[in-house]
Amino acid sequence: MEVFKQFGPGRISSVYFRVSFLILFMPFLLAFNSAEVLPEKGVSKKLAFERAEEISELRYSLHFSIPKERDSIITAKAIIDFNLRKIERIILDFRHESVCSVKSILVNGKKAEFIFSNEHVIIPERHILKGKNVLEIEFIAGNQSLNRREDLLYTLLVPDRSRTLFPCFDQPNLKAKFCLTLDIPDGWEGVANGNIKSKERTPDGRTRLMFSETAPISTYLFSFVAGKLQRTTQERDGRAITIFHRESDPKKLEQCGVIFDQIFSSLNWLENYTSIKYPFAKYDIVIVPGFQYGGMEHMGATLYSDRTMFIDENATISEQLDRAKLIAHETAHMWFGDFVTMEWFDDVWTKEVFANWFASQIVTPLYPEVNHRLNFINTYYPASYSEDRTAGSNSIQQELDNLSNAGLVYGNIIYNKAPIVMEMLVKRVGEENFRQGIQTYLRKFAYSNASWDDLIKILDSLSPEDLQSWSNVWVKKKGMPSYTSEIIEDSVVWKQFDPFGRGVVWKQDFSSIIVNDGKNRAIVPNTDGRGYGLFLMDSTSSLFLLKTFEQYKPKPQSDSGKSLSVIDDEVARASLLISLYENMLAGKILPGKFASSLLKYLQNEENTLLFTRAAGYLTSCYTTYLSGMGANSQLEQGLWQIVENSPAGQHKTIAFRAFTEISDSPEAASKVYEIWKNPSDFGYVKLSERDLMRIAYEMSIRFPEKYDEIFKLQLNRITNTDRKNEFAFIFPATSPLGTVRDSLFNSLLDERNREIEPWAASALGYLNHYLREKESLKYLKHGLEILPEIQKTGDIFFPRNWLRALLGGHNSLEAKNAVNEYLRSSENLHPLLRQKVLQQAHHLFRTGK
């Protein structure tokens, strides 16, 4: 514990001086109420809800002075004013690496003592008044969530990282108005939640930007970006939007037109659906190289990743849809998450489910040629199953004791299972009743907080259904149902069971059919794609479906009156393809048989969404189960035939990417290398800059003697400085020298070298490439042991991405034993973090090679 008085606290560097300090100020120490317990680290739920009861009319005025030098400190000042229901000590949240970071505090204009302990600044109640209070705090800003680079920095404060930047009440249910002032180097741009209301020169030659006050928002949504940025602006119907970026490729910048179209379209759709105008002052976006997520919904300063926004010139329809859905998702958050916010991060999924479900509706009119029911299934079901099938499965709504663990509730369950459950809810309530309920919900909790149960109460009043009981199973119970089936008197009888043995019953409706296959009858499950779970197939049914996929040929429209195959319908085909893959993972279908059938099917699939899904399943099956088993020759030949013969350009691209990923034979690898070396001579596929970067990594692993040559050639091809830096960071992970790879791995154990998390995860993934599985086993122990630090210092998706990169290329008994040993010896590992390990190690516990 550190105790400070106002004459300038400093670090106590010696034991002698520390003891003297404590003796000298013992009366001061005793002045604090010794009966009051110091709050625990982080932000406990108890503390947060106690503060929410007592504090109101909260406002922050923040001033950050940003130097040009990346390693220089950022001095700052916060003025925090609020009303207090009763006199009590004030507990602010502030996690800083230095105990000297708080320089002074004035409370209601007078100097005040304070304690800096357990990531909190505590001001005794004798300084506090009932009613209005004003705190003025001078401090050094924390660096953890500033994402500083040489000429760029941006805040990313979700879920509990505002307290790593400035002292605050860091909880979603204490909304506040924010006023921001930034002093930035000359030539930099500044972007924040509010509009720039004034701009002036400072005495030291910098630019001072003063931003307008925001509407009430949660601390995790406060944001600013400063750095060397370009801008482009469009205005439509009186609404102006600016895109800030660092892109230098003119062809990529042409995509700004599409991005603007989709933002304006999303805003119009949501205003029409909710009957509520956009609830904030402005809508600008910043496209950040190497951004940790796809996007982050800071109103007025929404951040996006350059990879997802500036897509390749040869982007597939899946990639185009992903960008459109991302834009719609972040825009939906303006109403669902920003305007109305969850009370606590155990309900963070509510903002994500709204964003994803509404995104699927918003995108529909933008792509009329797409089968959007198929797209919904293809987007959400496989991603949700990837975690829900595992021993680390979690419920959609999770218990959360402290916001320091809030990042661990994020994952595929809340992003992908939740929209599936939302769709079930809409069907139970009815579309018009649901819309009416949503409008009531937004009006009732405008600029405030609400829970999932608040919404269910509103919808319950509009529906005869018992929504609470339904919600208790689908939302509050982990796992997914498994089904077995049998034929009784020409009907399919399904038996549901709970894989966790609790006897949970998931109520849902789905279709299935019986097909006569010679002397046998096969059961074809979930043909409408409405069912969620593992539909276990007997050998007759799985062999029938594999044969049906092998023999699939699209029917000409002139044959529409003829008898249909069970997979002629695109939705049925998607649902059954997913079920076959899940059965393969469950050990019901041999990986070699699954891959062989899929390869034959790919030759004739015309739907690009289904083709992309099947190609992904094929490469996953190969790299996880079949590499080194002599199966690659057939797969390589089949994929190359598609590259040469497919009439669809996107299918050629997807097939070539898959071919590159599994090109383990010398012949295939040499073919890819020559194409990479002379891409202009390759007539089948136009390779993008990112394609060539990915191929360079793969070829460096396959041709260790060409490592230097590949690096120099590819680096010289890259035109954008940020992408050059990315390539130079990741490429050593492919080095033929174990000493170089070991050095890179050890560097990733240092937080400073993980600052750009997508680059760090990519490098770790190539270090643990499936072709170097044996050589990389030694990384597992330390890579797992550092996991709690990864969670503490990284952003919300980084623990999952770290584990996926670390474990994804492994499939050996030794790797399985390493994970088991780590879990056995880590008794104090947080349960949510243990779940992440079980989710990403799931393939190690399946029947493998």
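Me: Which hand does the crossing have where α7 passes α8, left or right?
Reply: In this predicted model, α7 passes α8 in a right-handed crossing. Helices here are DSSP runs of H or I, at least four residues; strands are E runs, at least two; both are numbered from the N terminus.

Me: Why are α7 and α8 called oblique to each other?
Reply: The axes of α7 (residues 317-332) and α8 (residues 348-363) cross at roughly 130° and come within 8 Å. Roughly parallel is under 35 degrees, roughly antiparallel over 145, roughly perpendicular 65 to 115, and the rest oblique. Therefore α7 and α8 are oblique.

Me: Which residues in α7 meet α8?
Reply: L321, A324, K325, A328, H329 and A332 do. Their partners in α8 include F358, I362 and V363. Contact means heavy atoms within 4.5 Å.

Me: How do you know whether D347 is buried or exposed?
Reply: D347 has a relative accessible area of 4%. Buried means under 20%, exposed over 50%, partly exposed in between (1.4 Å probe, protein chains only). So D347 is buried. D347 lies in the loop between β21 (340-342) and α8. D347 touches M342, Q397, S451 and W452, leaving aside residues up to four places away in sequence.

Me: What does F166 touch?
Reply: Its contacts include Y60, L62, F64 and F222, not counting residues up to four places away in sequence.

Technical notes: Residues numbered from 1 in each chain as written. Predicted model: local features only at pLDDT ≥ 70, side-chain atom pairs only at ≥ 80, totals over all residues. Heavy atoms only, no water. Axes fitted to C-alpha atoms, helices over the stretch in contact; angles between N-to-C directions. Left-handed = near helix turned anticlockwise from the far one by under 90°.
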